[in-house]
Amino acid sequence: METARSAERQRTAAERRRRELLEAADRVVLRDGPRASMNAIAAEAGITKPILYRHFGDKGGLYRALAKRHTDALLSALRAALDAPADRRERVESTLDTYLAAIEARPQVYRFLMHPADGAAADTAPSPEQGFDVGRHSAPLLRRLGEELGQVIVERVDLGPDSEQMARIWGHGIVGMMHAAGDWWLADRPCSRERLVSSLADLLWGRLEDAGDLQGGPGF
């Protein structure tokens, strides 16, 4: 029994320490964006870089942990927007706005997750961290968002006999659209967020307007 309790205490302490390190990493990312380095994160946490490696392995491991942390929060916010008591068009607009508001509120986090290589350009001597492959790491993040959104759609909208496959197509298509349009908008700010939300909702609205709510489901 004592061995089991000791193991549980160690596990709890390790989880708490991991959360503390992720919070330190978040602070550095908010300050430095894509330039956030393992050295800077270790310094912020008051530890050495080998200790940081012990918890996350390398920058890819830290990236995946931060990506999960922020993706979980974003998915929770998107689901809340989809479940809000409003008509369907308003919920579509609210969902789009939730995503855009999230990347607008924390642009450095967004750039770290989607464009970490941007931080390498100004450095004269490339390091292994600068060889970080953004596509290899960010693609699973976008796929997860697409699958989750597809599941939300299939639970709410009757798209006919191929509803499940269609919902997955829509989920990935909507995430791709939000990502591409949001990336362009965040960089150039060619219009207001409200204008972008309205225009993207117009693009989505065609078949969604005609589809019925899934019988017995939570509605869309």
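Predicted model: local features only at pLDDT ≥ 70, side-chain atom pairs only at ≥ 80, totals over all residues.
Q: Good. Where does His-179 sit, then?
A: His-179 belongs to helix α8, which covers residues 163-188.

Q: Is His-179 buried or exposed?
A: His-179 is buried, because its relative accessible area is 19% and buried means under 20%.

Q: Which residues does His-179 touch, leaving aside its neighbours within four places in sequence?
A: With those neighbours left aside, His-179 is in contact with Tyr-99, Tyr-110, Met-114 and Leu-142.

Q: Let me step back. What is the secondary structure of the whole protein?
A: The protein has 9 helices and 2 strands. Along the sequence, these elements follow the pattern α-α-α-α-α-α-α-β-α-α-β.

Q: And how much of the protein is buried?
A: Of its 220 residues, 40% count as buried.

Q: New topic: helix packing. How does one describe two packed helices?
A: One gives the angle between their axes and the distance between the axes.

Q: What are those values for α2 and α3?
A: Helix α2 (residues 38-45) and helix α3 (residues 49-56) pack at an angle of about 100°, and their axes are 9 Å apart. Therefore α2 is roughly perpendicular to α3, since angles of 65 to 115 degrees count as roughly perpendicular.

Q: Which residues meet there?
A: From α2, the residues are Met-38, Asn-39, Ile-41 and Ala-42, and they meet Lys-49, Leu-52 and Tyr-53 of α3. By class, the residues of this contact of α2 with α3 divide into 5 nonpolar, 1 polar and 1 charged.

Q: How many residues line the largest pocket, and which lie nearest its centre?
A: The lining has 18 residues, and those nearest the centre of the pocket are His-70, Leu-74, Ala-102, Ile-103 and Leu-113. The lining of the largest pocket divides into 14 nonpolar, 3 polar and 1 charged.

Q: Which helices supply at least two residues each to that pocket lining?
A: They are α4, α5 (88-105), α6 (107-114), α7 and α8.

Q: What lines the largest cavity?
A: Its lining consists of Leu-75, Leu-78, Arg-79, Leu-82, Glu-148, Leu-149 and Val-152. Helices α4 (59-83) and α7 (134-156) each supply at least two residues of this lining, and α4 gives the most, with 4 residues.

Q: And the classes of the residues lining the largest cavity, what are they?
A: The lining of the largest cavity has 5 nonpolar, no polar and 2 charged residues.

Q: One last item: what is the phi of Arg-189?
A: Arg-189 has a positive phi of about 45°, although it is not a glycine. Arg-189 lies in the loop between α8 and α9 (193-210).

How values were computed
Residues numbered from 1 in each chain as written. Heavy atoms only, no water. Buried < 20%, exposed > 50% of the residue type's maximum accessible area, 1.4 Å probe, protein only. Contact = heavy atoms within 4.5 Å. 1 Å grid on protein atoms, 1.4 Å probe; cavity = no way out; pocket = protein on both sides within 12 Å on 5 of 7 lines; lining within 4 Å. Nonpolar A, V, L, I, M, F, W, Y, C, P; charged D, E, K, R; others polar. Axes fitted to C-alpha atoms, helices over the stretch in contact; angles between N-to-C directions. Parallel < 35°, antiparallel > 145°, perpendicular 65-115°, else oblique.
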